[in-house]
Structures are given as C-alpha cells and as structure tokens.
Amino acid sequence: MKFNEQKNIHELTHYVESTYSKHYAASNGVQSMDLISASGLGLDFCLGNVLKYASRYGKKDGANRTDLMKIMHYTLLAINEHDLKESNNET
C-alpha cells in the first residue's frame with residue numbers, strides 16, 4: 001500500500017480496541033451504541049458523529065489526530081448499521 005494505509009489501519013484497530021476499555025462500555029458490556037442501534041437510529045447517529053468530528057478537526061485542540069480516528073471509527077460503525085439495515089431490507 002502506497003499511502004501508509006496498513007499502518008493507519010493498524011492504528012485505527014488499536015484505537016477502536018481501546019474504546020472498549022474506556023467509559024464507552026458498561027461493566028455488563030452494553031454500550032450506548034447498542035441502545036442507539038436497537039432504536040433504529042444508529043446510521044443517523046454515526047453519520048452525525050462523522051460530521052461532528054470532521055467539522056471540529058483543526059479547531060478543538062488544533063489538528064487533532066484523534067478526531068480523525070473518531071471519524072474512521074464512526075464510519076466503521078455506520079457501515080455496520082448500513083449492513084444491518086440492508087440485511088433487514090430497510091434501505
């Protein structure tokens with residue numbers, strides 16, 4: 001891969017894995033995303049967060065690489081939500 005994609009995918013994997021040990025997951029393993037997805041609003045929520053972090057990049061804490069990781073993480077979650085809707089023939 002010419003543009004460091006493999007390195008960045010590895011970094012993204014590490015970032016996503018780290019979110020499971022932070023405040024994003026309750027002790028019972030249920031995350032807010034589980035509840036949002038179950039409500040049928042998961043795709044909109046994820047796309048909204050992509051916009052949120054994209055619009056604040058370069059503003060909050062400067063050119064914050066973590067915002068880029070959050071954009072990619074929410075994009076992955078959006079893909080999952082898209083696939084769930086597709087498998088239920090909801091799109």
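Predicted model: local features only at pLDDT ≥ 70, side-chain atom pairs only at ≥ 80, totals over all residues.
Residues are numbered from 1 along each chain as its sequence is written, and side-chain values use heavy atoms, with hydrogens and water left out.

Start with the overall layout. The chain has four helices and zero strands; helices are DSSP runs of H or I with at least four residues, strands are runs of E with at least two, and both are numbered from the N terminus. The C-alpha trace spans about 35 × 30 × 25 Å along its principal axes.

Now zoom in on α3 and α4. They pack at an angle of about 160°, with axes 8 Å apart; the axes are lines fitted to C-alpha atoms, for helices over the stretch in contact, and angles run from 0 to 180 degrees between N-to-C directions. That makes α3 roughly antiparallel to α4, a label for angles over 145 degrees. Contact here means heavy atoms within 4.5 Å, and the α3 residues that meet α4 include L47, Y53 and R56, while D67 and K70 are among those on the α4 side.

Next, the charges. Side chains of opposite charge can pair when their charged atoms come close. A salt bridge is a side-chain nitrogen of Lys or Arg within 4 Å of a carboxyl oxygen of Asp or Glu, and the count comes to two. In one of them, D67 and R56 meet at 3.0 Å, N to O. This pair links D67 in helix α4 with R56 in helix α3, 11 residues apart. D67 is buried, with a relative accessible area of 0%, and R56 is buried at 19%.

R65 also forms a salt bridge, with E11, the closest N and O atoms being 2.6 Å apart. R65 lies in α4 and E11 in α1 (residues 5-19), so the pair ties together parts 54 residues apart in sequence.

Leaving aside residues up to four places away in sequence, K70 touches Y15, Y53 and R56.

Conventions:
Parallel < 35°, antiparallel > 145°, perpendicular 65-115°, else oblique. Buried < 20%, exposed > 50% of the residue type's maximum accessible area, 1.4 Å probe, protein only.
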